[in-house]
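Please open the model in your viewer and keep the selection panel at hand.

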Amino acid sequence: MDTVVVSVTIFVLAIFVGFEVITKVPPTLHTPLMSGSNAISGITIVGALLSAGTQHTTLTTILGFAAVVFAMINVVGGFLVTDRMLKMFRRKH
Amino acid sequence: MSALINLAYLLSAALFIFGLKGLSHPRTAVRGNLLGATGMLIAIVVTLLNRQIIDYKLIVAGLVVGSAIGAVLALKVRMTAMPQMVALLNGFGGAASALVAGAALVETMLAQQGAPVDMLVATGASGLIGGVTFWGSLVAFAKLEEIVSGAPVLFKGQHLLNGVLLAAALVACGLIVYEPANTNWYWILVAIASVLGVLVTIPIGGADMPVVISLLNSYSGLAAAATGFVLTNNMLIIAGSLVGASGIILTAIMCKAMNRSLANVLFGGVGAVAPSAAASADAVYAGKIKAASAEEIAMVLENARRVVIVPGYGLAVSQAQHSLRQLADLLEARGAEVVYGIHPVAGRMPGHMNVLLAEAEVPYEKLLEMEQVNALLPQTDVAIVIGANDVVNPVARTDPNSPIAGMPIIDVDKAHTVVVVKRSLSPGFAGIPNPLFAADNTLMFFSDGKKAVGDLIQAVKEL
């Protein structure tokens, strides 16, 4: 099967999984959901690391480096701030 | 090796899904977030093992710089500023995706392999969505941080200009596919997308920011998914589409909570012109407002069995959430049941008010959704509205010509007594008077939120 068809299949199925999982998140946790899913969208880091490290040209290396910085802010900032918020919800009295 | 890497990526994707599943309850949410972070760590480590990587110096530098900035942002940010933080992170995600897609295009052209059409289309999508997300998020950030005015910026021919820019962006996408060797087309596309990102966000007013942030959240995911198509990396596609779906669901919830279509939010520019209805404020309020003192309100609270607190963003602005919890503790100690009714658009982003109250150590069980609390209100002795206005305006139910007609509201007017804490009778975002303030069962407590709650605590203690 053509690679692109496989990719589109995965894309569509993942959106269905996303809808199923996300609709079960209660409104109380919608802000942590946004910051947490934000961190997940930092997954672009995977492509950024390869561009920064393979050194095809100076241009691609610089683009890769900038992308690593942006994506890493997203990943670390997103997961950390989500953790900070969620711990507030877990506190017991 | 490649099979092993891809299996590790599959594990990461599964951990992301388990992580989001964990968010279905506050008890499991912290663990869920950790699972997601673990998935990310696995994906990063496995990628670093790739043999194509010949130099780690820049990678390490980028990882250290990005982690440091991210950590400082995450640990320093105030909970009231969470919408700005999420807007910024949305933007960075979009930027990273656009940069990676650009680098991939340049690399492919250098290798002179010739690129398949689908990869080029995905590259265009990534540049377009990424550029719009980055600049749109920066504008949203500036508006929320009040670096620029939160008021909608409207000018003649705005929609036409945006339409022309979108068409130009699509032409640039076409040129990327037609002449991929000329990578300048990609950067021209990103430039057009950047201008478009700014122009589509400036007409959106402060009250609509929850929708915009949700939408940009979705875009940052879709940009990552598009980059996944560029790199033929299934994990990127899965992770990106999960985030895309999440943002779309939140956008829909926010639109529903305001009874407006997405198109109306994006193109309407509500709040730009004061509705003519504002002129009738005198007719609504004249001679009917009952201002009460803290002592009088304390006497009403004295015998209350059930108290519902309805907070709005004004509560957070005056930093009254901690004293509010003390007041609730006090009332509970006197035998009352105290719950909070949270309107979906009570804060500046979905779920924002819940985070602000959780920070003040209000247990999440007491944070009720609009539907739940509306069922309780007819059997409620006192409803305390603090810092909220449009979301408790009964006009939404009664006047089909009102700008908020049909918007679901919290029916505090059905409670036995309503106490409204507010500085003045000034209108909310919708710019219309609120007949609730003039209702027979409403007591107005004109004061700053934090001071008002402090005075109430004092008065209740003295009962």
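**A stop in chain B**

Begin by selecting B:Asp208, which sits in the loop between α7 (184-201) and α8 (209-231) of chain B; helices here are DSSP runs of H or I with at least four residues, numbered from the N terminus. This is a predicted model, in which local features need pLDDT of at least 70, side-chain atom pairs count only at pLDDT 80 or more, and totals for chains, interfaces and linings use all residues. Residues are numbered from 1 along each chain as its sequence is written, and chains are lettered from A and ligands numbered from 1 in the order in which they are written.

Is B:Asp208 buried or exposed? B:Asp208 counts as buried because it has 25 C-beta neighbours inside 10 Å (buried means 20 or more other C-beta atoms within 10 Å of its own, exposed 12 or fewer, partly exposed in between, with C-beta atoms placed from the backbone).

**Where the chains touch**

Next, show both chains: 79 residues of chain A are in contact with 95 residues of chain B, contact meaning C-beta atoms, placed from the backbone, within 7 Å. On the side of chain A that touches chain B, α4(A) gives the largest share, 31 residues.

Finally, select α3(A) and α2(B), where A:Ile45, A:Val46, A:Leu49 and A:Leu50 meet B:Ala43, B:Ile44, B:Thr47 and B:Leu48.

How values were computed
Two residues are in contact if their C-beta atoms, placed from the backbone, lie within 7 Å. Helices (H or I, at least four residues) and strands (E, at least two) are DSSP runs, numbered from the N terminus.
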